[in-house]
Amino acid sequence: MIWYPYAQMKTLDAPIEIASAKGVHLYTKDGHDLIDSVSSWWSVIHGYNHPEINEAIKQQIDKFSHVMLGGLTHEPVQRLSDKLASWLPGDLDYCFFSDSGSVAVEVALKMALQFNTNRGSKRDTILALEHAYHGDTFKAMEVGDDEDYHFAFGSSNEKKRGVVHIPTEMQALENAFEQYGERLTCFIVEPLLQGAGGMRMYDVSFLERARELCDEYDVLLIFDEVATGLGRTGNRFVADLVLPDIIVLGKALTGGYIGHAATVANKRVWEGFYSDDPTHALMHGPTFMGNALACSAALKSIELFERENYLDKIKNIEQITRREMQGFADERIKEVRIMGGCVCIEVYDAAVLEGFKRFAFERGVFSRTFLKYMYAMVPYVINEQELVHILDTMKAWFKAG
Ligand SMILES: *Cc1c(COP(=O)(O)O)cnc(C)c1O
């Protein structure tokens, strides 16, 4: 029996069985052709079955698929680490690889906490955002503020000892640093776009001020760009606008081919561990870190992103989306939000979205709403006609009902 994600198995709708996929299309076992509006949890940015990524993996698989990084190393992981170091802004140059975004967030938090203990600091508090989602492992749940996902693990108070959550408001930010500044190890945020917490968007000025306050109070700034990295907000990385001390990448890193993630630190963080004292080492080592197939896919994914001018593609997606959503409103809709390759329709009442998945399926679109949010995060290779069809389907739901 398969245990499916975020689902009561007793009442689960049968999942749609996929037989093959190509570009932005999912082909079901019983012959349906669906345009994918979700990019398999926002990761498949180049579309499915991409010939060049396929080829890159095939070439590597004939050499070897995996060797551990404990005592061994190899060219794909070295090339990916070099590429990330030169591609990421500033001195975000020190790459720790892991197999999923949640683990990479754990590593980032571990880095921040140990950075402080290594220098003999007694700081013990983490600053995070309301409505944050950072993954499903335990520390990631603590810094997350996502009762809708993690309600089974106790009230927020017992779960969140040592974590302070604030809204994305300037005054709350100022107050938090004034009140807790001397005790903070780090401030972790999903920059500009909070994904699983409801596609919430906020202004870069909040991050600019956060950077200043982190400098003033000697606090590490962590950007969880697992969802936003590689273009989703219309920026390559939000880190191109405001530089964090640690960035976390996942999801689209391998073009959605293989689960892999990276926690990339700046020089200052690196130097907080670099010492003659063995107890100052970063004690973490996922079995599949730096997997050679994942690294090969990631290298090709980044090459495509640069070579094919993905930022222009994403700008185009945003322009078409704004054009199509212009003037669209309904009394059941609280807000329509658009940023880069993300559009979200938030409704007042989650019941309004019941049945939409089926409605979209019948119109050749795969969509997965959650809570009060209907959204699209399309593969960047989508063409105008396909994108308009997704947006028309979303709008048609409100016109129909
Ligand atoms: C998806 C996500 C994660 C968790 O990544 P997994 O690979 O699912 O563990 C962490 N942070 C953010 C912002 C995410 O969107």
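1. Two strands are said to pair if DSSP finds at least two bridges between them. In this predicted model, strand β1 (residues 18-22) and strand β2 (residues 25-28) meet that criterion, with four bridges in the antiparallel sense.

2. The β2 and β3 strands form a hairpin with four residues between them, and in its turn G31 has a positive phi of about 90 degrees.

3. How are β3 and β15 oriented relative to each other, parallel or antiparallel? They run parallel and are joined by two bridges. I35 is paired with V365 of β15. Taken together, the four strands make an open sheet in the order β1-β2-β3-β15, with mixed pairing. Strands β1 and β15 (365-366) stand at the edges with a single partner strand each, so one side of each has no neighbour in the sheet.

4. A separate point concerns strand β12 (residues 261-265). It is largely enclosed by the rest of the structure, because five of its five residues are buried. The cut-off for buried is under 20% relative accessible area. In a regular strand the side chains alternate between the two faces of the sheet. Both faces of β12 are covered: A261, T263 and A265 are buried on one side, and A262 and V264 are buried on the other.

5. Which strands are paired with β12? Strand β4 (residues 94-98) runs antiparallel to β12 and is joined to it by five bridges; within this pairing, S98 has A261 as its bridge partner. Strand β11 (residues 246-249) also pairs with β12 in the antiparallel sense, over four bridges, and V248 stands opposite T263.

6. Is D245 buried or exposed? With a relative accessible area of 5%, D245 counts as buried. Its side chain is joined to that of R211 by a polar contact of 3.1 Å. Not counting residues up to four places away in sequence, D245 touches L92, R211, V219, L220, L221, V264, A265, N266 and V269. Two of these, V264 and A265, are among the buried residues of β12.

7. The residues around it are W42, S100, G101, S102, Y133, H134, G135, E190, D224, V226, A227 and K251. By class, this shell has four nonpolar, five polar and three charged residues.

8. For S102, an N or O atom in the side chain is 2.6 Å from an oxygen atom of the ligand. For K251, an N or O atom in the side chain is likewise 2.6 Å from an oxygen atom of the ligand. On its own the ligand has 380 Å² of accessible area, of which the protein covers 82%.

9. S43 lies in the loop between α1 (39-42) and α2 (51-61). At 8% relative accessibility, S43 counts as buried. Leaving aside neighbours within four places in sequence, S43 is in contact with K251, A252, G255 and G256. Of these, K251 is also one of the residues around the ligand.

10. Finally, D392 is found in helix α14 (residues 384-400). D392 counts as partly exposed because its relative accessibility is 36%, and the limits for that class are 20% and 50%. D392 and P379 are 13 residues apart in sequence, and their C-alpha atoms are 17 Å apart in space.

Note on methods:
Residues numbered from 1 in each chain as written. Predicted model: local features only at pLDDT ≥ 70, side-chain atom pairs only at ≥ 80, totals over all residues. Heavy atoms only, no water. Buried < 20%, exposed > 50% of the residue type's maximum accessible area, 1.4 Å probe, protein only. Contact = heavy atoms within 4.5 Å. Near = heavy atom within 4 Å. Polar contact = N/O pair within 3.5 Å; in protein donor to acceptor, adjacent residues only side chain to side chain. Areas by Shrake-Rupley, 256 points an atom, 1.4 Å probe, with all protein chains shown as cover. Nonpolar A, V, L, I, M, F, W, Y, C, P; charged D, E, K, R; others polar.
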